[in-house]
Amino acid sequence: MLSRNLVTALFEHERIQTTVIKAKETRSLAEKLITFAKRGDLHARRMAARKVNDPAVLQKLFEEIGPRYTERPGGYTRILRM
């Protein structure tokens, strides 16, 4: 549940502040969801909807964030230590 909330906040604000351990756990889920958004089909949207709580954030993921990374094969997120 915590990782779902963190991923939803990450896609909504496109940046979050959290601990390193939580960030590493959230990164793996965020990478998978961005890969689903790159595919963009109905099944990918339904799989991503299982993890993203807000429908508006899900729409942003598939309409803005996914197409942004069509040329990149992976490594969409970065963890910066503050």
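I'll start with the lining of the largest pocket: by class, twelve residues are nonpolar, six are polar and seven are charged. Before going on, note that this is a predicted model, and every value I quote is computed from it.

The pocket itself has a volume of about 860 Å³. Its lining comes to 25 residues, and the closest to the pocket centre are Leu10, Glu14, Arg15, Ile16 and Arg78. Which helix gives the most to this lining? That is H2, with five residues. H1, H2 and H4 each supply at least two.

Helix H1 covers 2–13, which is twelve residues, and reaches 16 Å from first C-alpha to last, close to the 16 Å expected at 1.5 Å a residue. Its buried residues are Leu6, Val7, Thr8, Leu10 and Phe11. Leu10, then, is buried in H1 and also among the residues closest to the centre of the largest pocket. The cover over the buried residues of H1 includes H2 and H4.

Is Thr8 buried or exposed? Thr8 has a relative accessible area of 7%, and because the cut-off for buried is under 20%, Thr8 counts as buried. Leaving out residues up to four places away in sequence, Thr8 touches Lys51, Val52, Asn53, Asp54 and Val57.

Met1 sits in the segment before the helix. Met1 counts as exposed because its relative accessibility is 67%, and the cut-off is over 50%. Just after the helix, Glu14 takes a positive phi of about 65 degrees. Glu14 is also one of the residues closest to the pocket centre. As for Met1 and Gly74, 73 residues apart along the chain, their C-alpha atoms are separated by 25 Å.

Next, H2, which runs over 20–39. Why does its length agree with expectation? Because 20 residues at 1.5 Å a residue should span 28 Å, and the end C-alpha atoms of H2 are 29 Å apart. The buried residues here are Ala23, Thr26, Leu29, Ala30, Glu31, Leu33, Ile34 and Ala37. What the buried residues of H2 pack against is H1, H3 and H4. After the helix comes Gly40, with a positive phi near 75 degrees.

Glu31 is the charged residue I would point to in H2. Glu31 is buried because its relative accessible area, 16%, is under 20%. What does Glu31 touch, not counting residues up to four places away in sequence? The contacts are Gly74, Gly75, Tyr76 and Thr77. Glu31 and Tyr76 are 45 residues apart in sequence, yet their C-alpha atoms are 6.4 Å apart in space.

Last, the core. The largest nonpolar core has 18 residues, and those with the most contacts inside it are Phe11, Leu33, Ile34, Val52, Leu61 and Phe62. Helices H1, H2, H3 and H4 each supply at least two of its residues, with H3 at 42–49 and H4 at 55–68. Take Leu61 as a case: apart from neighbours within four places in sequence, Leu61 is in contact with Phe11, Leu33, Ile34, Ala37, Ala48, Val52, Gly66 and Pro67.

Terms used:
Residues numbered from 1 in each chain as written. Predicted model: local features only at pLDDT ≥ 70, side-chain atom pairs only at ≥ 80, totals over all residues. Heavy atoms only, no water. Core = buried A, V, L, I, M, F, W, Y, C linked by side-chain atoms within 4.5 Å. Buried < 20%, exposed > 50% of the residue type's maximum accessible area, 1.4 Å probe, protein only. Helix = DSSP H or I, 4+ residues; strand = E, 2+ residues; numbered from the N terminus. Contact = heavy atoms within 4.5 Å. Expected span 1.5 Å × (residues − 1). 1 Å grid on protein atoms, 1.4 Å probe; cavity = no way out; pocket = protein on both sides within 12 Å on 5 of 7 lines; lining within 4 Å. Points joined across faces, edges and corners; volume = space filled by probe spheres on them.
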